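These are my notes from going through a single model. I took the entries in the order in which I looked things up.

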Amino acid sequence: MSADGYIDDATPERLRLSSPADFDRVDAVRADCDAILVGAGTVRADDPKLLVRSAARRERRVARGLPADLVKVTLTWSGDLDPGARFFTTGEAPKLVYAPPAPAAELAPRLAGLAEVVPAGDPLDLREVLADLAGRGVRRLMVEGGGGVHTLFLTADAVDEIQLVVAPFFIGDPAAPRFVRSGVFPQSPDRPMRLEEVTRIGDLALLRYRAGAPRG
Ligand SMILES: NC(=O)c1ccc[n+]([C@@H]2O[C@H](COP(=O)([O-])OP(=O)(O)OC[C@H]3O[C@@H](n4cnc5c(N)ncnc54)[C@H](OP(=O)(O)O)[C@@H]3O)[C@@H](O)[C@H]2O)c1
């Protein structure tokens, strides 16, 4: 995010807030996860591939008996997802779309052969989504935005760790999306997160927080 908490500007073009060194760090984190999730808003706005980019990391995953790519996951209630999006057309690992039953029934034939559409409660029940992913062998899920999905996971207290990278500039436009939207966050002044790491990446700062409820 920018120094003032924005994750994009308000223009249609994708704004890159990270540096090549940080994108490579993110690639390493991805390579250690089982699945990667972004909201349908990010699929539409950024058209991301969500692949492990480094050939060496892909080879190491295969040597560990894992698919080179991560399982890709998205959430929608509108069902507004383009089958031509790179989310669906790149990578060999399964793609999963979780939606309430009505949009799921409408989407399934449009995404046939590209993704599995899974009905998961009306309204969508995040616990049901996570239980379904766990049943598919997903133990470490990386959530890469955007603000709507960050808000959903954080307000549901479903986040163990946050890796927050702060870019050295401001956006200053209330029309731009923020790291989170408004909501009731359990990670509050009464239950602050634990700061586990501060690392400098050039002019960026990585803040790694433990966000889950204190255990023991
Ligand atoms: N800087 C970064 O690291 C970074 C990373 C990712 C994204 N971004 C930026 O973030 C912006 C997009 O953020 P966003 O907040 O608009 O979108 P988002 O969080 O990616 O997706 C929000 C969408 O996810 C679906 N969704 C969320 N909660 C749901 C629920 N409980 N049940 C069913 N569906 C649910 C809905 O899809 P439907 O609308 O289809 O119903 C909702 O509109 C873009 O500007 C992108 O560039 C930045």
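**Entry 1: Thr151.** I looked up what Thr151 touches beyond its neighbours within four places in sequence, and found Val180, Arg181, Ser182 and Phe185. I note here that the model is a predicted one. Thr151 is part of helix 7. Is Thr151 buried or exposed? Its relative accessibility is 10%, and because the cut-off for buried is under 20%, Thr151 counts as buried.

**Entry 2: the rest of helix 7.** I then listed the buried residues of helix 7, which are Gly147, Val149, His150, Thr151, Phe153 and Leu154. I wanted to know what covers them, and the cover includes strand 1, strand 2, helix 6, strand 5 and strand 6. Just past the end of helix 7, I found Asp157 with a positive phi of about 55°.

**Entry 3: the ligand.** Which residues come nearest to the ligand? Of the 24 residues around it, I noted Asp8, Thr42, Arg44, Thr76 and Arg181 as the nearest. Arg181 was already in my notes as a contact of Thr151.

- For Thr42, a side-chain N or O atom is 2.6 Å from an oxygen atom of the ligand.
- For Thr76, a polar side-chain atom is 2.6 Å from an oxygen atom of the ligand.
- For Gly147, a backbone N or O atom is 3.3 Å from an oxygen atom of the ligand.

Gly147 is also on my list of buried residues in helix 7.

Entry 4: I traced an open sheet of five strands with parallel pairing, in the order 4-3-2-1-5. Its edges are strand 4 (116-119) and strand 5 (141-143), each of which pairs on one side only. On average, neighbouring strands in this sheet are turned by 25° against each other, direction ignored.

I then went through the pairings of strand 2. With strand 1 it pairs in the parallel sense over five bridges, and Ala35 stands opposite Val71 of strand 2. With strand 3 the pairing is again parallel, over four bridges. On that side, Thr74 stands opposite Val97 of strand 3, and the bridge partner of Leu75 in strand 3 is Tyr98.

How many residues of strand 2 are buried? I counted five of its five. Both faces are covered, with Val71, Val73 and Leu75 buried on one side and Lys72 and Thr74 on the other.

I also checked helix 5 (residues 101-110). This helix lies across strand 3 and strand 4 and runs at about 160° to strand 4.

**Entry 5: nonpolar cores.** The largest nonpolar core has 24 residues, and the members touching the most others are Val73, Tyr98, Val129, Leu133 and Ile162. I checked which elements supply at least two residues each: strand 1 (35-39), strand 2 (71-75), strand 3 (95-99), helix 6 (126-135), helix 7 (147-155), strand 6 and strand 8. A second, separate core has 23 residues, among them Leu70, Leu81, Phe88 and Leu111.

Leaving out neighbours within four places in sequence, Ile162 is in contact with Leu154, Phe179, Met193, Leu207, Arg208, Tyr209 and Ala211. Leu154 is one of the buried residues of helix 7.

Entry 6: Last, I followed an open sheet of three strands, in the order 6-8-7, with antiparallel pairing. Strand 6 (161-166) and strand 7 (194-201) are its edge strands, each pairing on one side only. Neighbouring strands here are turned by 15° against each other on average, direction ignored.

Strand 7 and strand 8 (residues 204-210) run antiparallel and are joined by seven bridges. Which residue of strand 8 is the bridge partner of Arg200? I found Ala205. Helix 1 (residues 20-31) packs on this sheet and touches strand 6, strand 7 and strand 8. I noted its direction as about 170° to that of strand 6.

Note on methods:
Residues numbered from 1 in each chain as written. Predicted model: local features only at pLDDT ≥ 70, side-chain atom pairs only at ≥ 80, totals over all residues. Heavy atoms only, no water. Pairing = 2+ DSSP bridges. Axes fitted to C-alpha atoms, helices over the stretch in contact; angles between N-to-C directions. Contact = heavy atoms within 4.5 Å. Core = buried A, V, L, I, M, F, W, Y, C linked by side-chain atoms within 4.5 Å. Buried < 20%, exposed > 50% of the residue type's maximum accessible area, 1.4 Å probe, protein only. Near = heavy atom within 4 Å. Polar contact = N/O pair within 3.5 Å; in protein donor to acceptor, adjacent residues only side chain to side chain.
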